[in-house]
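I opened my notebook to look up a few spots in one structure. Here is what I checked, entry by entry.

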Amino acid sequence: MALRHAVMAALLDGEYSGYQLAKAFDIGVANFWHALPQQLYAELAKLEKDGLVAGRQVVQETRPNKRLFTVTDAGRAELENFAEAASKPSFIRDDLLVKVQSADRIGTEAVIAQLDERAAAADAKVAVLGALLRQLRGEADEEEFLLHGERIGPYLTGLRGLAFEQEHSDWCRRIAAVLRQRGKD
């Protein structure tokens with residue numbers, strides 16, 4: 001997957017400025033695709049040049065003018081082609097796992113501290129994603145929303161992010177406890 005597909009998928013929810021797109025990425029897309037704001041701005045320019053998104057200038061009196069972007073028909077076609085293509089398998093590439101791999105041959109104090117930090121960060125993401133999911137489904141319970149919600153794509157990716165972060169937190173806490181216990185022996 002290229003950043004272009006993630007940007008166009010985010011724009012399916014409406015017309016966004018680059019700033020709004022960056023916020024949307026922080027809230028909903030960041031659990032499966034990371035991009036810095038400057039990367040998003042550069043990608044929007046490429047997508048507009050390629051005719052996959054359309055931008056329009058909005059004149060503002062008290063603020064600098066802004067550009068708003070929407071997906072074009074060509075962009076939707078590109079997303080449909082992307083959706084039909086086979087997906088590559090997921091893989092993990094994480095420097096913390098290298099540290100844990102080495103833990104029984106090196107000191108564990110710093111590794112335990114990093115596991116604790118990661119668990120806390122994952123817990124914070126669990127809280128944010130949980131709130132986002134509640135906001136997306138409104139008054140509906142989850143099963144009702146999944147069956148009849150108007151736009152469930154962001155909800156489904158949020159569920160994956162929530163499960164990932166919860167499992168990551170649980171794993172970090174367990175491994176930190178194992179390393180602590182081994183250090184006592």
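**Entry 1: Thr72**

I began with the contacts of Thr72. Leaving aside neighbours within four places in sequence, I found Thr72 in contact with Gly51, Leu52, Val53 and Ala54. I kept in mind that this is a predicted model. Next I looked up where Thr72 sits. Thr72 lies in the loop between β3 (66-71) and α4 (73-84). Is Thr72 buried or exposed? Its relative accessible area is 18%, and buried means under 20%, so Thr72 counts as buried.

**Entry 2: the aromatic pair**

How many aromatic pairs does the structure hold? I found one. Phe145 and Tyr155 form this pair, and it is tilted. I noted 4.9 Å centre to centre and 55 degrees between the planes. Then I looked up where the two residues belong. Phe145 is in helix α7 (residues 142-148), and Tyr155 is in helix α8 (residues 153-184). They are ten residues apart, and the pair links distant parts of the chain. I also checked burial: Phe145 and Tyr155 are both buried.

**Entry 3: helix α6**

I turned to helix α6, residues 109-137. Helix α6 has 29 residues. From its first C-alpha to its last, α6 reaches 42 Å. That is close to the 42 Å expected at 1.5 Å a residue. Which residues of α6 are buried? I listed Val111, Ile112, Leu115, Ala119, Ala122, Val126, Leu129, Gly130, Leu132 and Leu133.

Definitions and conventions
Residues are numbered from 1 along each chain as its sequence is written. This is a predicted model: local features need pLDDT of at least 70, side-chain atom pairs count only at pLDDT 80 or more; totals for chains, interfaces and linings use all residues. Side-chain values use heavy atoms; hydrogens and water are left out. Helices (H or I, at least four residues) and strands (E, at least two) are DSSP runs, numbered from the N terminus. Buried means under 20% relative accessible area, exposed over 50%, partly exposed in between (1.4 Å probe, protein chains only). Contact means heavy atoms within 4.5 Å. Rings of Phe, Tyr and Trp (its six-membered ring) pair if their centres lie within 6.5 Å; planes under 30 degrees apart count as stacked, over 60 as edge-to-face and the rest as tilted. The expected span of a helix is 1.5 Å times one less than its number of residues.
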